[in-house]
Amino acid sequence: MRGQENPQSSMFSYVSLEHRVPADHPLRRLRLLVDGILANMSTMFDERYSHTGRPSIPPEHLLRALLLQILFTVRSE
């Protein structure tokens, strides 16, 4: 079963992540591009995931995390 995207607004912080990243940061433009591509792929993800069972981590989250690892050369998952 494909999980849903439920953003946690604030778990331990009183300042949102949107306020911490500068408005002119290059990742903001990249996020718009990536979000558009992932939105187009959403129907494909729905077809690939079972409709029964335990919900998984949404593939959009996994792909965004992997992209950040690549961009910032984070060596571990």
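This is a predicted model: local features need pLDDT of at least 70, side-chain atom pairs count only at pLDDT 80 or more; totals for chains, interfaces and linings use all residues.
Local features require pLDDT of at least 70 and side-chain atom pairs pLDDT 80 or more, whereas totals for chains, interfaces and linings use all residues. Side-chain values use heavy atoms, without hydrogens and water, and residues are numbered from 1 along each chain as its sequence is written.

The structure holds four salt bridges, a salt bridge being a side-chain nitrogen of Lys or Arg within 4 Å of a carboxyl oxygen of Asp or Glu. Glu18 pairs with Arg28 at 2.8 Å, N to O. Because Glu18 lies in helix H1 (residues 17-20) and Arg28 in helix H2 (residues 26-48), this pair ties together parts ten residues apart in sequence; helices are DSSP runs (H or I, at least four residues) numbered from the N terminus. Glu18 also forms a salt bridge with Arg31, with the closest N and O atoms 3.3 Å apart. Arg31 lies in helix H2, so its pairing with Glu18 joins parts 13 residues apart in sequence.

In a further salt bridge, the closest N and O atoms of Asp35 and Arg64 are 3.0 Å apart. Asp35 belongs to helix H2 and Arg64 to helix H3, so the pair ties together parts 29 residues apart in sequence. Salt bridges that share partners join Glu18, Arg28, Arg31, Asp35 and Arg64 into one network.

Glu18 is partly exposed at 44% relative accessibility (buried is under 20% relative accessible area, exposed over 50%, partly exposed in between; 1.4 Å probe, protein chains only). Arg64, at 21%, is likewise partly exposed.

Notes: Helices (H or I, at least four residues) and strands (E, at least two) are DSSP runs, numbered from the N terminus.
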